[in-house]
Amino acid sequence: MTPVNLVVNDTAANEKFISIEGIARRYPAPGGGSTTIFENIWFSMKRGEFCCVIGHSGCGKTTVLNMLAGLELPDDGVNIVDGYAIEGPSLDRAVIFQSHALLPWRTVLGNVAYAVSSKWRDWKKDKVNAHAQKYIELVGLGASLHKRPSELSGGMKQRVGIARALSIEPKMMLMDEPFSALDALTRGSLQDEVRRICLDTGQSTFMITHDVDEAIYLADKIVLMTNGPGAMVAEIVENPLPRNRDRINLHKLPDYYAVRNHLIDFLVTGSKIFRDNIPAGYDPRKPPLVRPGADKPLTPGDRKAA
Amino acid sequence: MLTSLNQRALIVSLLIFGVFLLAWHLATQGSGSVQQMDPEYAKLMGLTATKGTSAMPGPLDVAAKIWEHLKSPFYDRGPNDKGIGIQLAYSIARVMTGYFIAVLVALPLGFLIGMSPMMSKALDPFIQIMKPVSPLAWMPLALYTIKDSSISSIFVIFICSVWPMLINTAFGVASVRKEWLNVARTLEVTPIRKAFTIILPAAAPTIFTGMRISIGIAWLVIVAAEMLVGGTGIGYFVWNEWNNLSISNVIVSILVIGLVGMVLDQILAMFARMVTYPE
Ligand SMILES: Nc1ncnc2c1ncn2[C@@H]1O[C@H](COP(=O)(O)OP(=O)(O)O)[C@@H](O)[C@H]1O
Ligand SMILES: [Mg+2]
């Protein structure tokens, strides 16, 4: 086992609720040797923080998420949650899968109840169902309790996935492009719900997205990953928008375009050229923390360490 | 057109059946001229020569035979004269016994093969060699070792129904969607609970397809096996009636074998429908 520095101090524990320390993923290359998807990835998340990851397809976002879920283990480095190294999946970390991953032979209630009874194994059926129902109603599916996944729309399936994740009252939620398969309207209302639920419950959330606006609306912190192979965390963007933002008026907020342009610039050019133009003083252990649109223009020297 | 597709299909089915019966009836009417001959010789020549009728029974003869069997399907007058119902019961009992033993072996073993790529590779050569062997080829070996014709038939049923179930179970288990397994993993589900709540329901439709193929093969094989070992059973009945030159009884048996086979298949199909889930 990789030794873990046990955190003694409470504030430090909250500052580094999740700590990703030098993780790597390598696959054997076709001609021998190995391909490094990413290596030496470092960043951390605070308790209750909403963190989004943005990067192009194939850079390894899902792999990082799976490692946080404990479904995969890193080839190097270690992921730490709440002071303990992740060695496998845990009921403390709920995953919302991109493909919703509902069990098609179970009803909506059956799917959520399955999760609930997995967490609280000694609960009676009535208690399990009542608990499951509470979370199904929370995502607005109270009328569809006894429907099977095949009878639900894409948005409704994703809602069940969210209810299932929330129902086990996890310490953190991991979401892999949860809304990418949905139409804009459904996506918008689900984003609202997720934001409301996360703010209400103080959930720590790690979410992968392709959608810049989604990241700006939901995230406190946005991790930018460069293209693979050999992906790196280029920087970490702190969301300058006020915490009480709402989705409809997002674009009217003063800093909105600054963040948006910053993210888009990164996706269009930065993600490609970063590894050949690594800024002076870049330290993979402490990727630069930037706050676009802040009053004072940032220079590399002013960047705080994340 | 007011009639639905089903109604039209039914009408065509009935028409074909009617035409078939009529053609059968006409073809077995007999061909006329009766020759005068020595009665001893006539006996040897059979009815065709003496009465001008065909030895092949017509639909009316067969109907009469069916009626006869329906009146007393379960009579038992010694080893060579039992009702068709009794003979069927013997065959069905053998098929069920062999089949259920095969289920008991194939499902757990299929699970093991499906879950473990190593076991899958290790057992593959055996399965590949055993699977194409005609189940009847096992018969002499079975008779020699078991020394009981009835148990030998059961063994043959077992050996022929085990492969489709084994292969389908292994395939169904191995191809459970990874995301469902990941759901179980993130929920820290115990291996036993995972087997019963994720893998089994996910693989059930494939498993039942295998079981349905197996019951069909088992029913095909039992007739041949019983012809070979004799004694009791519908297969023996067919062979016995052929030796008695009772073609009517042979035709009745063919019908009955077909009907029972269909019922067995439909029962499995019903189970398969019950466990199928739409995605
Ligand atoms: N079994 C594998 N063998 C080789 N390469 C793989 C394997 N699985 C994933 N990869 C590679 O790992 C990279 C990261 O995948 P993934 O984490 O799914 O990316 P993302 O979610 O960012 O689109 C991809 O480039 C993919 O090709
Ligand atoms: Mg992905």
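The following legends describe close-up views of a predicted model.

**Figure 1. Domain division of chain A.** In this predicted model, chain A is split into two domains. Domain 1 of chain A comprises residues 11-92 + 172-305, and domain 2 of chain A comprises residues 99-169. Taken over C-alpha atoms, the centres of domain 1 of chain A and domain 2 of chain A are separated by 28 Å. To the contact between them, domain 1 of chain A contributes 13 residues and domain 2 of chain A contributes 13 residues.

**Figure 2. Buried area between domain 1 and domain 2 of chain A.** The size of an interface is often expressed as the accessible area lost when the parts come together. For domain 1 of chain A and domain 2 of chain A, about 1100 Å² is buried between them, and carbon and sulfur atoms account for 69% of it. On the side of domain 1 of chain A, the residues that lose the most area to domain 2 of chain A are Leu91(A), Leu190(A) and Ile197(A); together they make up 43% of what that side buries.

Figure 3. Side chains of opposite charge can pair when their charged atoms come close. One salt bridge is counted between domain 1 of chain A and domain 2 of chain A. The side chains of Glu193(A) and Arg159(A) form a salt bridge, with an N to O distance of 2.9 Å. Two residue pairs in polar contact are found across the interface of domain 1 of chain A and domain 2 of chain A. Helix α6 of chain A, residues 184-201, gives the most to the side of domain 1 of chain A that touches domain 2 of chain A, with seven residues. By residue class, that side of domain 1 of chain A consists of eight nonpolar, two polar and three charged residues.

**Figure 4. Interface of chain B and chain A.** The contact draws 18 residues from chain B and 22 residues from chain A. Chain B and chain A bury about 1900 Å² between them, with 64% of this area given by carbon and sulfur atoms. In chain B, Thr186(B), Leu187(B) and Glu188(B) lose the most area to chain A, together 31% of what that side buries.

**Figure 5. Elements and polar contacts on the chain B side.** The count of salt bridges between chain B and chain A is zero, whereas eight residue pairs in polar contact are found across this interface. Two elements of chain B, α9 (178-186) and α10 (191-229), each give two or more residues to the side that touches chain A. Of the elements on this side, α9(B) gives the most, with six residues. The residues of chain B that touch chain A divide into nine nonpolar, four polar and five charged.

**Figure 6. Open antiparallel sheet of chain A.** Four strands of chain A form an open sheet in the order β2-β1-β4-β5, with antiparallel pairing. Strands β2 (34-45) and β5 (84-85) of chain A stand at the edges and each have a single partner strand, so one side of each lacks a neighbour in the sheet.

Figure 7. Strand β1 of chain A, residues 18-28, pairs with β2(A) in the antiparallel sense over nine bridges. Within this pairing, Ser19(A) has Ser44(A) in β2(A) as its bridge partner, and Ile18(A) stands opposite Met45(A) in β2(A). Five residues lie between the two strands of the hairpin, and Gly32(A) in the turn has a positive phi of about 95°.

**Figure 8. Salt bridge of Arg25(A) and Asp75(A).** Over all chains, the count comes to 21 salt bridges. In one of them, the side chains of Arg25(A) and Asp75(A) meet at an N to O distance of 2.9 Å. Arg25(A) lies in strand β1 of chain A and Asp75(A) in the loop between α2 (61-69) and β4 (76-81) of chain A, so the pair ties together parts that are 50 residues apart in sequence.

How values were computed: Residues are numbered from 1 along each chain as its sequence is written. Chains are lettered from A and ligands numbered from 1 in the order in which they are written. This is a predicted model: local features need pLDDT of at least 70, side-chain atom pairs count only at pLDDT 80 or more; totals for chains, interfaces and linings use all residues. Side-chain values use heavy atoms; hydrogens and water are left out. Domain bounds come from an automatic or database domain assignment. Contact means heavy atoms within 4.5 Å. Buried area is the accessible area (1.4 Å probe) that two parts lose on being put together, summed over both. A salt bridge is a side-chain nitrogen of Lys or Arg within 4 Å of a carboxyl oxygen of Asp or Glu. A polar contact is a pair of N or O atoms within 3.5 Å; within protein, one must be able to donate a hydrogen and the other to accept it, and residues adjacent in sequence count only if both atoms are side-chain atoms. Ala, Val, Leu, Ile, Met, Phe, Trp, Tyr, Cys and Pro count as nonpolar, Asp, Glu, Lys and Arg as charged, and the others, Gly among them, as polar. Two strands pair if DSSP finds at least two bridges between them.
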